[in-house]
Amino acid sequence: MKLLGSFPPGSHPPVTYPFAVTRRAAGRAEARALLAFLAGPEAAATWRRFGFATAAP
C-alpha cells in the first residue's frame, strides 16, 4: 500500500463510512450477521491495518 498524501487532522471534518442493514434485508439473518462481523472485534484489526479507525463499542 502506498500513501499518496495526507491532510492535517484539523483541516477537515472527520471522514466516516457508515454502514447498515437495509430495510429490505432486515429480516435476513445473513445481513445482520455480516453487519455484526464488520462492526465486531474480529474485523477491527483489519480495519486498523488499512488505516481506518473504529468506533468505540
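What share of the 57 residues of the chain counts as buried? The figure is 9%. This is a predicted model. The chain has 2 helices and 0 strands. Its radius of gyration is 15 Å, well over the 10 Å that the globule rule gives for 57 residues, so the chain is more spread out than a compact globule.

**Overall dimensions and surface**
- The C-alpha trace spans about 40 × 25 × 20 Å along its principal axes.

**Aromatic pairs**
- The structure holds 3 aromatic pairs.
- Tyr-17 and Phe-52 pair edge-to-face, at 5.6 Å centre to centre with 80° between the planes.
- This pair links distant parts of the chain: Tyr-17 sits in the segment before helix H1 (29-39), and Phe-52 in the segment after helix H2 (41-49), 35 residues apart.
- Tyr-17 counts as exposed because its relative accessibility, 59%, is over 50%.
- Phe-52, at 35%, counts as partly exposed.
- Phe-19 and Trp-47 form a stacked pair, at 6.4 Å centre to centre with 20° between the planes.
- Phe-19 lies in the segment before H1 and Trp-47 in helix H2, so this pair ties together parts that are 28 residues apart in sequence.
- Phe-19 is partly exposed at 40% relative accessibility, and Trp-47 is partly exposed at 29%.
- Ring pairs join Tyr-17, Phe-19, Trp-47 and Phe-52 into a cluster.

**Charged side chains**
- Side chains of opposite charge can pair when their charged atoms come close.
- The count here is 1 salt bridge.
- Arg-28 and Glu-30 form a salt bridge through their side chains, at 3.7 Å from N to O.

Methods. Residues are numbered from 1 along each chain as its sequence is written. This is a predicted model: local features need pLDDT of at least 70, side-chain atom pairs count only at pLDDT 80 or more; totals for chains, interfaces and linings use all residues. Side-chain values use heavy atoms; hydrogens and water are left out. Helices (H or I, at least four residues) and strands (E, at least two) are DSSP runs, numbered from the N terminus. The radius of gyration is taken over C-alpha atoms; the globule rule is 2.2 Å times the number of residues to the power 0.38. Buried means under 20% relative accessible area, exposed over 50%, partly exposed in between (1.4 Å probe, protein chains only). A salt bridge is a side-chain nitrogen of Lys or Arg within 4 Å of a carboxyl oxygen of Asp or Glu. Rings of Phe, Tyr and Trp (its six-membered ring) pair if their centres lie within 6.5 Å; planes under 30 degrees apart count as stacked, over 60 as edge-to-face and the rest as tilted.
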